[in-house]
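Have the viewer open while you read.

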Amino acid sequence: MPLVHKSIRIDLPNQLPFDRDTDLEAFAGEYILPIEKKLKWFWFTRYGTVGQRHILFRFSTTKFERIEAHLNNITNIFGGAGCEGYDYVIRVVETAECSQNHGATIRALLSALLLARE
């Protein structure tokens with residue numbers, strides 16, 4: 001299966017357990033931990049204040065078909081548009097290939113990061 005890069009926005013409700021400073025941890029423990037082993041890498045960005053917060057969850061996986069139903073369930077619970085393509089990694093590589101001065105350095109850094117993750 002090909003490596004895919006996705007992003008999903010989660011608008012957290014102003015109710016337990018998401019109405020506290022530990023809202024991200026509560027979400028990740030409940031909804032991401034069950035699929036974590038199927039992800040090549042992932043990260044979160046949290047915006048807003050407690051009670052009015054949203055999370056952007058970005059990830060790469062070669063097992064998207066195995067987690068798609070789980071991610072659709074997250075969308076059903078929290079609303080939103082669901083998974084969207086996320087081409088940031090592709091754009092970084094393209095930028096590295098276009099840069100005459102820093103392309104080799106960036107490619108070497110990306111290779112080291114990918115090797116460290118495997």
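## The hairpin

How many bridges join strand 2 to strand 3, and do they run parallel or antiparallel? Strand 2 (residues 41–49) and strand 3 (residues 52–61) run antiparallel, joined by nine bridges. Strands here are DSSP E runs of at least two residues, helices are H or I runs of at least four, and both are numbered from the N terminus; two strands pair if DSSP finds at least two bridges between them.

The hairpin has two residues between the strands, and Gly 51 takes a positive phi near 90°.

## Ground rules and overall layout

This is a predicted model, with local features needing pLDDT of at least 70, side-chain atom pairs counting only at pLDDT 80 or more, and totals for chains, interfaces and linings using all residues. Residues are numbered from 1 along each chain as its sequence is written, and side-chain values use heavy atoms, with hydrogens and water left out.

The protein has four helices and four strands, in the order β-α-β-β-α-β-α-α along the sequence. Of the 118 residues, 31% are buried (under 20% relative accessible area; exposed is over 50%, partly exposed in between, with a 1.4 Å probe and protein chains only). Take the contacts (heavy atoms within 4.5 Å) between residues at least 6 apart in sequence: 61% join residues at least 24 apart.

## The nonpolar core

The largest nonpolar core has 18 residues. Such a core is a set of buried Ala, Val, Leu, Ile, Met, Phe, Trp, Tyr and Cys residues joined through side-chain atoms within 4.5 Å. Those with the most contacts inside it are Ile 10, Phe 27, Phe 57, Leu 71, Ile 74 and Phe 78. Strand 1 (4–11), helix 1 (23–32), strand 3 and helix 2 (64–78) each supply at least two residues, and helix 2 gives the most, with five.

Look at Phe 57: leaving aside neighbours within four places in sequence, its contacts include Ile 8, Ile 10, Leu 39, Trp 43 and Leu 71.

## Helix 1 against helix 2

These two helices pack at an angle of about 135°, with their axes 11 Å apart. Axes are lines fitted to C-alpha atoms, for helices over the stretch in contact, and angles run from 0 to 180 degrees between N-to-C directions. Helix 1 and helix 2 are therefore oblique to each other (under 35 degrees is roughly parallel, over 145 roughly antiparallel, 65 to 115 roughly perpendicular, the rest oblique).

From helix 1, Phe 27, Tyr 31 and Ile 32 meet His 70, Ile 74, Ile 77 and Phe 78 in helix 2.
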